[in-house]
Amino acid sequence: LYKNTPILMQTSGLTKEAYKIPLTIHFDGTNNQLQFDDGRVKRSLSIGDSIARPYGTFTFYRNPDFTDTVITDDYLVQVQDTNTVIDGYLKALKVDLVDKDANVIQLSLVSPVAEKGKDMLSNLILDYNAANVEDKNRTTLQTMRFIDERLKLVTGDLSGVENNLEQFKEKNRITDVGAQAQLYLTNSSDLDKDIATQQIQLSVLQLIEDYMQNADKQDQLVP
């Protein structure tokens, strides 16, 4: 009856007692009527009706995916605890390595209904892939946040260094080291020129002085 039962049952407010009580549902497809029987109470219901019992409330619907012809039959329903069902599937699930040197695994599930076991494995793989993508996205987001935080810290450190440098320049009257170096070289070159000119003039004066003091050279042209 997997995926092909004529009626669907929805439960709410279940207690542990509900897992111990088998239900018999007699469905009459000709008039959409059903009879609920839990061994204590028998009650006729219409599709869409609910019945409240001390151990839970049960509502019945017509299955829109039911493809067979309308039938009238009895269905035995056993409600199970979710954790018990999960434990049962975990015991039926087998995981093997395809190759000890590879990161590929093989999943198999023992189930009395082959189609149901196939769907369980497919959903398990889908959930795993979704969880893996979510984990990668979470890791990427955390990495981006870490990089942003580090960039903010580095930017703050650089701003602090620049401020300290500006304060140092102002305190020591340094405006532009490169410009000051170029100015120093220019001034040095001009000073060298002035020194050379002074040396030439000094040499000329020395020659004139020698000429004036030497009587033998007075008949010669002044240097």
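1. Some terms come first. A residue is called buried under 20% relative accessible area, exposed over 50%, and partly exposed in between, with a 1.4 Å probe and protein chains only. The model is predicted: local features need pLDDT of at least 70, side-chain atom pairs count only at pLDDT 80 or more, and totals for chains, interfaces and linings use all residues. Residues are numbered from 1 along each chain as its sequence is written, and side-chain values use heavy atoms, with hydrogens and water left out.

2. Overall composition. The protein has 223 residues, of which buried residues make up 15%. It contains three helices and nine strands; helices (H or I, at least four residues) and strands (E, at least two) are DSSP runs, numbered from the N terminus. Along the sequence the pattern reads β-β-β-β-β-β-β-α-β-β-α-α.

3. The four-stranded sheet. An open sheet with antiparallel pairing is formed by four strands in the order β4-β3-β2-β7. Two strands are taken to pair if DSSP finds at least two bridges between them. At the edges stand β4 (42–46) and β7 (72–77), each with a single partner strand, so one side of each has no neighbour in the sheet. On average, neighbouring strands of this sheet are turned by 20 degrees against each other, direction ignored; the axes are lines fitted to C-alpha atoms, for helices over the stretch in contact, and angles run from 0 to 180 degrees between N-to-C directions. Strands β2 and β3 run antiparallel and are joined by five bridges. Within β3, Phe-36 is the bridge partner of Ile-25.

4. The three-stranded sheet. Three strands in the order β1-β6-β5 make an open sheet, and their pairing is antiparallel. Its edge strands, β1 (7–12) and β5 (50–53), each pair on one side only. Four bridges connect β5 with β6 (residues 56–62) in the antiparallel sense. Opposite Ile-51 stands Phe-58 of β6. As background, strands of a sheet pair through backbone hydrogen bonds, either parallel or antiparallel.

5. The nonpolar core. Which residues have the most contacts inside the largest nonpolar core? They are Phe-36, Tyr-55, Phe-58 and Phe-60, in a core of 15 residues. Such a core is a set of buried Ala, Val, Leu, Ile, Met, Phe, Trp, Tyr and Cys residues joined through side-chain atoms within 4.5 Å. For the core described here, β2 (23–28), β3 (33–37) and β6 each supply at least two residues. The largest share, three residues, comes from β2.

6. The structure holds four salt bridges, a salt bridge being a side-chain nitrogen of Lys or Arg within 4 Å of a carboxyl oxygen of Asp or Glu. One of them joins Glu-17 and Arg-40, whose closest N and O atoms are 3.0 Å apart. This pair links distant parts of the chain, 23 residues apart: Glu-17 lies in the loop between β1 and β2, and Arg-40 in the loop between β3 and β4. Glu-17 is partly exposed, at 30% relative accessible area, whereas Arg-40 is exposed, at 53%.

7. Arg-138 forms a salt bridge with Glu-134, with 3.3 Å between the closest N and O atoms. Both residues lie in helix α2 (residues 114–171), four residues apart, which is about one turn of the helix. Arg-138 is partly exposed, with a relative accessible area of 39%; Glu-134 is likewise partly exposed, at 48%. Arg-138 also meets Asp-135 in a salt bridge (3.4 Å, N to O). About one helical turn separates Arg-138 and Asp-135, because they are three residues apart in helix α2. Asp-135 is partly exposed, with a relative accessible area of 40%. Through shared partners, salt bridges join Glu-134, Asp-135 and Arg-138 into one network.

8. Ile-105. Is Ile-105 buried or partly exposed? With 47% relative accessibility, Ile-105 counts as partly exposed. Ile-105 is located in strand β9 (residues 105–109).
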